[in-house]
Amino acid sequence: MNLTTLIAEPWADYGLVDSGHGRKLERYGRFRFIRPEPQAMWAPASPNWEADGDFIGASDEDGGGQWHLSRDVPRGGWHLRWEEVRFTAQNTPFRHLAFFPDMAPQWAWMRDRTAEGDEVMNLFGYTGVGTLALAARGARMTHVDASKKSVEAAKANAFLSDMADRPIRWMVDDAAKFTAREVRRGRRYDGIFLDPPKFGRGPNGETWRLEEGLPGLIADCRALLDDRSKFLVLTVYAIRMSALAIGELLRQAMADLGGAVEVGEMAVREEERGLLLPTAIFARWSRD
């Protein structure tokens, strides 16, 4: 199985400016922020970074820490754009900014395979940028996330993007349980994409652990696809897991539908030198 690298290039409202010594400097619209980045083991292009905010990580491995922001940064967020999608970026307690810019190549790839009226499901949909990217192409979307706050943010982004009237089902639900119910209902989808966390809790206290739950969830996703379906995209940010492992999981699950499975790493291109900063792994199946 060959590994490929999926590269997120800079765009008008986002760019990885510089990276190194365990940190990265990014631009989000008119603001610049510094965040920890363990994989940036090299030296930065510039020794001095000017930023509007800096996330100082905690000493544990659970991703804790705190933002230190200038007074100019709006605490309620500010608006950015990717293609037709407008959304609110915001400094969250989880060190990211309420969307994942390295997903842009995945959004573009799925849009190329989406037609008007296609039924597509986004599991662990978060603030809905991916959902809206496909809704803009005419897909009938099902957006699932266990966090009511995230789903409300996704609805607000739909309004901001003038897509509040698009056919989108907004579901506050445990992704695995919802998918299993869709199988029992006999539903089908033209495409599914999912970005499961390493660990999470559902709205009723359900516990999700990636290594335990992923095989069953992928099996249920396969049951929702048929010989007319077009794609399944899986992204994983758990760095202890291998792209080869999730690729084989997907290959076996989708074997009877034909098509092809592609696996590899996701990365963002740094603007200063063009080097690639790895961010996640992925596996995706497509009909073509």
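Ser161 is buried, its relative accessible area being 8%; buried here means under 20% relative accessible area, exposed over 50% and partly exposed in between, with a 1.4 Å probe and protein chains only. The model is predicted, so that local features need pLDDT of at least 70 and side-chain atom pairs count only at pLDDT 80 or more, while totals for chains, interfaces and linings use all residues. Residues are numbered from 1 along each chain as its sequence is written, and side-chain values use heavy atoms, with hydrogens and water left out.

Ser161 lies in the loop between α3 (148-160) and β11. Helices (H or I, at least four residues) and strands (E, at least two) are DSSP runs numbered from the N terminus. Once neighbours within four places in sequence are set aside, Ser161 is in contact with Glu84, Val85, Arg86 and Leu132, where contact means heavy atoms within 4.5 Å.

Two strands are taken to pair if DSSP finds at least two bridges between them. Strands β9 (residues 119-123) and β10 (residues 140-145) run parallel and are joined by five bridges.

Met121 is found in strand β9 and stands opposite Thr142 in β10. Met121 counts as buried because its relative accessibility is 0%. Leaving aside neighbours within four places in sequence, the residues in contact with Met121 include Thr142, Val144, Phe178, Tyr189, Ile192, Phe193 and Leu224. Between Met121 and Ala139, the separation is 18 residues in sequence and 9.6 Å in space, C-alpha to C-alpha.

At its start, a side-chain oxygen of Ser242 reaches to within 3.0 Å of the backbone nitrogen of Leu244. The 12 residues of α6 reach 16 Å from the first C-alpha to the last, close to the 16 Å expected at 1.5 Å a residue; the expected span is 1.5 Å times one less than the number of residues. Buried in α6 are Ala243, Ile246, Gly247, Leu250 and Met254. Seen down the axis of α6, these buried residues fall within an arc of 105°, so they line one face of the helix; the arc is that of the directions from the helix axis to the C-beta atoms. Among the elements that cover the buried residues of α6 are β1, α5, β15, β16 and β17.

The other sheet is also open: five strands form it in the order β2-β3-β4-β5-β6, and the pairing is mixed. The edge strands here are β2 (14-20) and β6 (65-69), each of which pairs on one side only. The twist averages 20° from one strand to the next. Within this sheet, β4 (residues 31-36) and β5 (residues 53-57) pair in the parallel sense over two bridges, and Ile34 stands opposite Asp54 in β5.

Methods: Axes fitted to C-alpha atoms, helices over the stretch in contact; angles between N-to-C directions. Polar contact = N/O pair within 3.5 Å; in protein donor to acceptor, adjacent residues only side chain to side chain.
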